[in-house]
Amino acid sequence: MRLALRLPALLAGILCTASLCCMLAGCATPPPASDPDAVADFRETNDPLEPTNRVFYTINNGIDTAILRPAAQAYRYAVPEPVRNGVHNILNNLGTPVQLGNDMLEGKPRRAGDTYMRFLINTTVGVLGFFDVAKRWGYPNHDSDFGITMALWGVPEGPFLFLPVLGPSDPRDAAGFGVDIAADPFTWVGRGAAVKGLDWSRFALNAVDQRERALDAIDSIKKTALDPYATFRSLYRQHRESQIEAVRNDNRATIPVWFPRTASTDR
Amino acid sequence: MPNRRTFLTIAGTLLLTGGMARHASAETAEERAAAFVRATGDRLVAVVNGPGTTLEKRKAMTDVINSTVDVNGVARFCLGRFWRQASPEQQEHYLNLFHQVLVTSITSKIGEYKGVRITIGKAQMRDEEAWVSSVVERPNNPPTNVDWVISKPGTDPRIVDVVAEGTSMRLTQRSDYASYLAHNNNDIDSLISAMRQQVAQAS
């Protein structure tokens with residue numbers, strides 16, 4: 001078998017398996033209608049697939065304990081912080097094409113402009129993205145992905161999902177994740193084994209980088225939460241909600257700084 | 001006409017000071033909240049980065065928490081609808097344990113927070129509470145945007161929530177307890193015993 005397995009194909013496979021498992025395994029039983037408070041809680045939790053989700057949580061937790069967490073710890077131990085930050089910046093820079101596309105689809109020209117300038121500055125002055133020079137020059141990074149884009153388009157998030165490997169999600173974010181991968185030019189560039197290898201290293205490095213940045217937070221949640229699964233569910237939703245609101249509320253004007261301002265265009 | 005001039009001066013002064021006072025009080029809620037958070041942050045940073053044994057630091061940290069956080073208010077919020085269902089005895093046990101859980105979960109991390117820096121940003125009112133933004137930086141971790149939610153900022157400022165990167169501590173804690181209760185027949189006593197175990201493990 002050739003090593004021609006495509007990243008999107010694999011991820012589509014994961015998602016299909018996940019949804020299949022959800023259909024096969026049971027759903028959460030809603031509380032009896034005689035207890036309106038409990039019913040309200042059940043609706044608010046919005047996790048009808050909870051039993052299945054918890055199975056995947058346990059599996060992911062095992063994978064994390066066995067592979068990802070030790071890898072992240074080794075990465076933190078072996079690589080000094082400035083280099084880790086540089087690697088993080090390079091990975092961010094590789095993500096800018098998709099980010100730019102989403103900024104535009106979200107109808108946020110100023111954010112698209114920021115992303116564009118970040119790519120130009122960091123790829124050149126920032127040595128292929130290693131140094132985040134653009135941030136110092138007034139173009140800070142921001143979150144942008146197709147899940148956020150769809151949220152701004154009014155697509156509902158749907159019930160909570162805990163996906164194998166990928167972790168906490170919902171149908172909107174899972175679909176958005178797939179679209180972002182499909183939309184990434186690096187997914188389609190080149191066909192040689194070397195390019196595939198680079199693709200996979202980027203994927204793996206991204207996972208280790210993200211995990212390393214969350215080491216302390218996840219450790220402390222697992223230590224202090226009575227129900228870590230419910231805590232991660234709540235944290236994931238709140239975090240996504242705040243990312244979406246940040247985009248929604250970014251209504252900076254597109255008028256250039258040198259343009260004479262009137263009172264009405266000041267904001 | 002000295003009388004009239006005096007009258008005008010007094011009236012003018014009154015108007016002016018009245019206006020200033022009104023202006024000042026309109027600003028103070030946010031400013032006071034920001035000043036309160038700045039002072040609290042300075043105290044926390046001083047304890048974490050200061051000298052002393054871990055035990056002394058924990059003691060000092062507990063004092064800071066007790067004097068700046070509305071622990072009972074947060075505790076009631078975190079129990080949600082179950083607060084009303086709990087018996088007075090259960091409420092008392094719960095409040096007591098919540099206080100211990102909060103203090104131990106914060107003080108047990110003192111070591112990890114060494115070298116922490118807090119930069120206070122803007123403050124704004126949302127309903128009755130003031131939200132003070134800040135950036136918390138500590139070694140080995142990316143900078144985090146943290147909002148401090150302050151109740152009664154004008155009169156008796158108290159921390160009622162800490163929101164890190166858009167995630168509220170009290171909301172997260174409430175969903176943790178709610179889920180635990182949902183999986184344990186909504187039995188408040190089992191939550192209390194779980195919390196008791198937590199405290200025993202931590203200390």
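Start by selecting B:M125 and B:A130: B:M125 stands opposite B:A130 in strand 2 of chain B. What you have open is a predicted model, in which local features need pLDDT of at least 70, side-chain atom pairs count only at pLDDT 80 or more, and totals for chains, interfaces and linings use all residues. Residues are numbered from 1 along each chain as its sequence is written, while chains are lettered from A and ligands numbered from 1 in the order in which they are written.

**Stop 1: the sheet of chain B**

Helices (H or I, at least four residues) and strands (E, at least two) are DSSP runs, numbered from the N terminus. Two strands pair if DSSP finds at least two bridges between them. Now colour the strands of chain B: 5 of them form an open sheet in the order 1-2-3-4-5, with antiparallel pairing. Which strands are at the edges? They are strand 1 (117-126) and strand 5 of chain B, each pairing on one side only.

Walk across the sheet from strand 1. Strand 1 and strand 2 of chain B are antiparallel and share 8 bridges. The hairpin they form has 2 residues between the strands, and in its turn B:D127 has a positive phi of about 55°.

Next, select residues 129-137 and 144-151 of chain B. These are strand 2 and strand 3, which run antiparallel and are joined by 7 bridges. Two pairs to click on are B:S133 with its bridge partner B:D147, and B:W131 with its partner B:V149. This hairpin has 6 residues between its strands, and B:N140 takes a positive phi near 75°.

Continue to strand 4 (residues 158-164) of chain B, which pairs with strand 3 in the antiparallel sense over 6 bridges. Here B:S151 stands opposite B:R158. In the hairpin of strands 3 and 4 of chain B, B:K152 takes a positive phi near 40°.

**Stop 2: the cores**

A nonpolar core is a set of buried Ala, Val, Leu, Ile, Met, Phe, Trp, Tyr and Cys residues joined through C-beta atoms within 7 Å. Buried means that 20 or more other C-beta atoms lie within 10 Å of a residue's own, with C-beta atoms placed from the backbone. Select B:A33, B:V37, B:A130, B:V132, B:W148, B:I150 and B:Y177: of the 35 residues in the largest nonpolar core, these touch the most other members. Elements that give two or more residues to this core include helix 1 (2-49), strand 2, strand 3 and helix 6 of chain B. Apart from this core lies another, of 7 residues, among them A:L49, A:F56, A:L161 and A:F162.

**Stop 3: where the chains touch**

Two residues are in contact if their C-beta atoms, placed from the backbone, lie within 7 Å. How many residues of chain B are in contact with chain A? There are 21, and they meet 20 residues of chain A. Select helix 6 (169-182) of chain B, one of the elements giving two or more residues to this side. Helix 6 of chain B supplies 9 residues, the largest share.

**Stop 4: chain A**

Move to chain A, which has 13 helices and 2 strands. Of its 267 residues, 27% are buried. Finish on helix 13 (residues 228-248) of chain A. The expected span of a helix is 1.5 Å times one less than its number of residues. For the 21 residues of helix 13 of chain A that gives 30 Å, and its end C-alpha atoms are 30 Å apart, which agrees. Its buried residues include A:Y229, A:F232, A:L235 and A:I244.

Definitions and conventions:
A residue is buried if 20 or more other C-beta atoms lie within 10 Å of its own, exposed if 12 or fewer, and partly exposed in between; C-beta atoms are placed from the backbone.
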